[in-house]
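Welcome! Please open the structure in your viewer and follow along as we select one part after another.

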Amino acid sequence: MENVQKALERVLLQVQRPARYTGGELGSIVKDPSQVQVRFAFCFPDLYEVGMSHLGMKILYALQNAREDCWCERVFAPGPDLEGLMREHHIPLYGLESFDPIADFDIIGFTLQYEMSFTAILNMLDLAGLPVRSSQREALAPIVVAGGPCACNPEPLADFIDLFLLGEGEELNMDLIDLYKACKQEGVSKKEFLRRAAQIPGVYVPSLYEVTYHQDGTIQQVLPRDGAPAVVHKRIVKDLDKVFYPENFVVPFTEAVHDRAMVEVLRGCIRGCRFCQAGFIYRPFREKKPDTVDKNAHALCDHTGYDEVSLTSLSTSDFSGLEPLLEKMLTWTEPDGVSIALPSLRVDNFSKELMDRVAAVRKSSLTFAPEAGTQRMRDVINKNVTEEEVLRTCRTAFEGGYTNVKLYFMIGLPTETDEDVAGIIHLAQKVVEEFYHTPNRPKGRGVNVTVSVACFVPKPFTPFEFEPQDGIESLRRKQKILLETVKSKKISVKYHDSPTSFLEAALARGDRKMCAMIEHAWRQGSKLDGWSDYFSMERWEEAAQACGIDLGFYANRSRSYDEVMPWDHLDYGVSKAFLIRENQKAHSDAATPNCRQHCSGCGANHLLGGACFG
Amino acid sequence: MGDLLYQTAVRAFFRKEGRVKYISHLDLVRCVSRALKRSGLPVWHTLGFNPHIYTTFALPLALGYESRCESMDFRLVEDRPMEEVQERLNEVLPSGIQVYQAKPPKMKPESIAWADYDIVMEVDSLSGEGLLEKFQEWLSQPQLITMKRGKKGEKAIDLKPHLQVWNLQANPSQLRMTMRTAAGTTLNINPTLALDAFALQGGEKADWLSVTRTAILTKELEPFE
Ligand code: SF4
């Protein structure tokens, strides 16, 4: 057969933006295949422009390639135009660096960022020429692994992925590669490799666990086999000042969604917003020292030539060293013409001074996330922001020259009433009024308040994992309430589609019975479900029916506290007892202080072997 | 930096070979600006509210073509030896883009009149000989009329006076040739236009094609410098 590169040359000029498929970017790493023992295909189950914005992939790419014995390459889902041509011309899915088919690699690793990418994984395995089910891939190579936030409930993918990596990847991936290398040299079977891999802390091998069900479809028990641990604990990196951080990124030729330097300042979150999965699964809270972040950022900007650097984390304004960090960074960013972006500022500690310092370099639009419209509702979800704080922040923003404010909310939250829904618009209205009450507001300009409303999706490892998702009818009714409550042209409402949220809710809390449905949906054509152009709810409904799955059972059912969840044998640090306590507090409208104020005993400190603070 | 007047103009000649042929002209411009920034050279920025590195390209290359004779112009605010400029740029450019010479610009881009291309094509249903025969037949017509898209829609044009072909050779599966076409700001003919015309007028569409620009020439057929 012709090599992949030449086969591609025959078709690439027929596709949109071919540079997405040819690699060779600055910072991409090419090695001599005869000099490495492990070839790793890092797969992002979405398009290049999405995947290339992802920080985790950049870190693991650089880390694995820092090993002389390993060559890590990037692989993305092709757009529908190229996919059609690949299938027509029998071009297998390949690594961007070598153009070699990934079916010949040692390890294929997927990152699970969102549930809607599950079918893309099957599609990529198929494009690689591999059977999608792990039981049908008999050889040791390629081993198919997956990590990332959705690995916290990997059960809907249990039949496809050989093993999951729970928690932070830096140390875990190294352990896995070491074991694989030894097993390859020894010539052991895939079965034996998986048995040994299950002994690495943080590795979950689904085929070593047997799940039994009650008559009503809930889980009876999950039994480990072959010496696999009864509970798999996620891995974390204890000291972020010592953790590997890339000095260089692959700089795409064509524009990615976030095409800039990114430095991570902290992991975890002190807030404990009850709807937010990331806020729990990334615990405990750990920070880098300002010096470390400054060094990381400076090296990265020098090597990549980016003129924008973002300080990323779940909640960058909770970074205790933010002021000294900005001071340090401004000494070189200003002369170099580099702007600093703070993407996740919280409304309740957004000071004018901080805003000025960022605005001194570049002024961008202002976005806040009060998440709910009434104080009661915000107490239920533990979003500790008051109306007064929202308005005060907006006033500061208006005084600073801003006239566009974007507010993020959710509907369909537990215990929500129509009054809470209308409260979203009332809050937006108050922001509009605040603008006209601000004496030194920008003159001669009006204010625009965009209200962006998402449907709440209950997620595993949150206090709301027990909650039913609001039904589609109810969500549609609430969307109508929103529109009817708007009385001002200065407020515009945007909302996300409810069918997508419904499917996301079902998959997020799904179990192994869903594997067949996912495969069915994929075989019927689902493959880039995150893109509304390619998503079809009818196809999923048909797949659910064909496989005897009731999506409502997963999305809209309330769980009792003693129900065995599909993910209960995985430990992400926070205990179920804590989640139950938090759920009870939510139902009595009671807030929980943040971790800096008071430790609520979630259990994540055990991963550190001591207290989180002090 | 934006308030300084520039000292030297530089024309850097570079190759664009291998997989980077798939990066569009727009992406190339961005890639080169970033490289200039990383090079640490004292590059001149445009004046005004949003200063940026100033670059111009003499003759943009079509997507999918390789080249051994591209050039771009930029300015420095301090004099630097041209060898240093070349070296520093090559340290920071992605592989496949390589500067082989840097010197002060001698000619205006308007003086460009011709460009030479090496072409290799394969048609799955034809041997190299078969393809050669068909191509020669097409080429020997007294006129080579085809439609060319311009600013004001499509227009018929005779390619004959704007195109010369030599070095026609066949090997078992391929046809090779060198093609010289009119180039520049007034009339720019890409070899693809000629090959498309061939495909429509009794020839075949290439299943695989490689086009490499080998020279950019003035009216007097001197290399553009
Ligand atoms: S152990 Fe306490 S301080 Fe640490 S994350 Fe849990 S609640 Fe917060």
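## A helix in chain A

Keep in mind throughout that this is a predicted model. Begin by selecting helix H7 of chain A, residues 190-197, and look for Lys190(A), Phe193(A), Leu194(A) and Ala197(A), which are buried. Now turn the view until you look down the axis of H7(A): the buried residues fall within an arc of 95 degrees, so they line one face of the helix.

What do the buried residues of H7(A) pack against? Select these parts of chain A to see the partners: strand E4 (143-147), strand E5 (163-165), helix H6 (169-186) and strand E6 (203-204).

## Where the chains meet

Next, show both chains together. Here 21 residues of chain B are in contact with 29 residues of chain A. Between them the two chains bury about 2100 Å², with 52% of that area on carbon and sulfur atoms. Within chain B, pick out Arg19(B), Tyr22(B) and Arg34(B): these lose the most area to chain A, together 37% of what that side buries.

## Charged and polar links

How many salt bridges are there between chain B and chain A? The count is three. To view a salt bridge, select Glu9(A) and Lys21(B), whose closest N and O atoms are 3.2 Å apart.

For the last stop, select helix H1 of chain B, residues 25-39, which gives the most to the side of chain B that touches chain A, with six residues. Coloring that side by residue type shows nine nonpolar, two polar and ten charged residues.

Conventions. Residues are numbered from 1 along each chain as its sequence is written. Chains are lettered from A and ligands numbered from 1 in the order in which they are written. This is a predicted model: local features need pLDDT of at least 70, side-chain atom pairs count only at pLDDT 80 or more; totals for chains, interfaces and linings use all residues. Side-chain values use heavy atoms; hydrogens and water are left out. Contact means heavy atoms within 4.5 Å. Buried area is the accessible area (1.4 Å probe) that two parts lose on being put together, summed over both. A salt bridge is a side-chain nitrogen of Lys or Arg within 4 Å of a carboxyl oxygen of Asp or Glu. Helices (H or I, at least four residues) and strands (E, at least two) are DSSP runs, numbered from the N terminus. Ala, Val, Leu, Ile, Met, Phe, Trp, Tyr, Cys and Pro count as nonpolar, Asp, Glu, Lys and Arg as charged, and the others, Gly among them, as polar. Buried means under 20% relative accessible area, exposed over 50%, partly exposed in between (1.4 Å probe, protein chains only). The arc is that of the directions from the helix axis to the C-beta atoms.
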